[in-house]
Amino acid sequence: MSVGGPNFRICQLSSAFASSGYTIWLFIASDVQTILLPSTIFGITNALAALDFRDVQSQSPRYINTVHRIPLIIGWVGINLLPLTMNNQRSPSSIAEDSLNKPWRPLPSKRLSGSQAKRLMFGFYALALVYSFCYSGGHRQCLGLIVLGTCYNSFGAGDHDPVIRNIINALGYFCFNSGAVEVALGSGPAVFAGSPEARPHSLSLWIMVITAIILTTMHVQDMCDQEGDAKRGRRTVPLVIGDAAARWSIAIPMPVWGVICPLLAGSGPLATGLSVVLAFAVAIRMLMWRDTASDRMTFRVWNLWISVVYMLPLLGGVSWS
């Protein structure tokens, strides 16, 4: 076989595709546990709750349809997450920060240049719009994420005021979660726009509760990044009000949300106990273990807790009516 033969070219193409896929994966690798998996879980479980999962016989066709749409949910969350992460990681200050904290990312590891990442970002933004409008749903949320991502990353709205930073984060989670539900139900805007069949009122209220949780506790992610944020001049909650005060601002609302959420979702003792235990674990860890490695682990526990909260309506047998 010659060096330039067809088999060799196929191997080259396969290697190039694998390398490109891995590069794209590196953009979102650190957001799998914070956005991709939790939002997918939220979409699936809350769509099933909206269909009254308890009445399996009458809802069986729609239930099966929602299960079949799981790949579409993952695809919608992923395709909207990709350009956001690209926009977030491509600035010189982000590259400098990632060189210290996440050197494996595509830009600090020199897998891509800034201009290449920018072109990819615009391409995936266009792909997300086409995917949302023509195929899966969640197109309003897709547009919202583009606006929020542009404000946060291109105009630095998330760097100068911790309140605005938390608001943008909360609205971003609102878009991901509500969009995932729309894709799961295949109902588009009717899910939240007054369709009696979709039972929008309680579902909308639940999504607003989740958004309030993000608004009041999401700065748990900033606790382990204080050194990098300080170097790039970013004004996060712990850097503005101080480390101790920021820890208390997380530790106080966590047990409250841990109790309120299962009550609202009508959860049983097991799900309620899990929510309460994890919420208290976050609060206790936040106050007792204050080094960077511990803060990073506390953020993982928070992500586990929020995933449990996302599933509470289904675990509690709630029908959004």
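Where is the place of Leu171? In this predicted model, Leu171 sits in helix α8. Let's start from that helix and work our way around.

Leu171 has a relative accessible area of 39%, so it counts as partly exposed. Along with Val163, Ile167 and Leu215, Leu171 makes up a nonpolar surface patch of about 320 Å². Helix α8 supplies the largest share of that patch, with three residues.

Now for the inside. In soluble globular proteins, nonpolar side chains tend to be buried together. Here, the largest nonpolar core has 75 residues, and the ones touching the most other members are Ile213, Trp302 and Trp305. Helix α8, which spans residues 162-185, turns up again: ten residues of this core come from it, the largest share.

Leaving aside residues up to four places away in sequence, Trp302 touches Ile214, Thr217, Met218, Val220, Met254 and Val282.

Finally, a word on the cysteines. If you're wondering about disulfides, the structure holds zero of them. Cys224 is buried, because its relative accessibility is 11% and the cut-off for buried is under 20%. Cys151, on the other hand, comes in at 32% relative accessibility, so it counts as partly exposed.

Notes:
Residues numbered from 1 in each chain as written. Predicted model: local features only at pLDDT ≥ 70, side-chain atom pairs only at ≥ 80, totals over all residues. Heavy atoms only, no water. Core = buried A, V, L, I, M, F, W, Y, C linked by side-chain atoms within 4.5 Å. Buried < 20%, exposed > 50% of the residue type's maximum accessible area, 1.4 Å probe, protein only. Helix = DSSP H or I, 4+ residues; strand = E, 2+ residues; numbered from the N terminus. Contact = heavy atoms within 4.5 Å. Patch = residues over 30% accessible without salt bridge, like charges linked within 9 Å, V, L, I, M, F, W, Y side chains within 5 Å. Areas by Shrake-Rupley, 256 points an atom, 1.4 Å probe, with all protein chains shown as cover. Salt bridge = Lys/Arg side-chain N within 4 Å of Asp/Glu carboxyl O. Disulfide = S-S within 2.5 Å.
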